[in-house]
Amino acid sequence: MNRRDLRRVAMIRLKEARVLLKAGCYDGAYYLCGYALECGLKACIAKETRRSEFPDLEKVRNSYTHKLADLVKVAALNNSLAARIAASPAFEVNWTTAKDWSEKDRYARHGEQKARDMYRAVADKNDGVMRWIRSHW
């Protein structure tokens, strides 16, 4: 997968999450919101990968994770994240809501409110986590 593919998949998963949320399928909606963020952050990492450059093994290993906070570090977005949190209390709430998502959530049950909160945290037009990620990919 390349950066363009990851960006496309991130947006598709977010759209699918919206459809599932509207259909009352809260478990899937919650999971796909986090998966969309994961793909978006991996697109940011791909942006930093230079063509014909031999990749740093540690960075490659660290990229193969589902932990959103770890992917922020690998993408070298820590400073940007801190600045965005400092600038917007609403974004801080959204990041706090989204950051603990796990790939293991695909096996968990998530109620309507939790799924709606997650979708809002990810997709909010002004302070959503995906908007911030998109500004870096």
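In this predicted model, the largest pocket has a lining of 18 residues, among which Ile45, Ala46, Thr49, Ser63 and Tyr64 lie nearest its centre. The space in this largest pocket amounts to about 490 Å³, and helices α1 (3-22), α2 and α3 (57-63) each contribute at least two residues to its lining. By class, the lining of the largest pocket comprises eight nonpolar, three polar and seven charged residues.

The second largest pocket holds about 280 Å³ of space and is lined by Met11, Leu14, Lys15, Arg18, Tyr119, Val122, Ala123, Asp124, Lys125, Met130, Arg131 and Arg134. Two or more residues of this lining are given by each of α1, α7 and α8 (129-134), with α1 providing the largest share, four residues. The lining of the second largest pocket is divided into six nonpolar and six charged residues, with no polar ones.

Helix α2 (residues 26-47) packs with helix α7 (residues 112-123) at an angle of about 25 degrees, the two axes lying 8 Å apart. Because angles under 35 degrees count as roughly parallel, α2 is described as roughly parallel to α7, and the crossing of the two helices is left-handed. On the α2 side, the contact is formed by Tyr26, Tyr30, Cys33, Gly34 and Leu37, while α7 takes part through Glu112, Lys114, Ala115, Arg116, Met118, Tyr119 and Val122. In terms of residue class, this contact of α2 with α7 contains eight nonpolar, one polar and three charged residues.

Key. Residues numbered from 1 in each chain as written. Predicted model: local features only at pLDDT ≥ 70, side-chain atom pairs only at ≥ 80, totals over all residues. Heavy atoms only, no water. Axes fitted to C-alpha atoms, helices over the stretch in contact; angles between N-to-C directions. Parallel < 35°, antiparallel > 145°, perpendicular 65-115°, else oblique. Left-handed = near helix turned anticlockwise from the far one by under 90°. Contact = heavy atoms within 4.5 Å. Nonpolar A, V, L, I, M, F, W, Y, C, P; charged D, E, K, R; others polar. 1 Å grid on protein atoms, 1.4 Å probe; cavity = no way out; pocket = protein on both sides within 12 Å on 5 of 7 lines; lining within 4 Å. Points joined across faces, edges and corners; volume = space filled by probe spheres on them.
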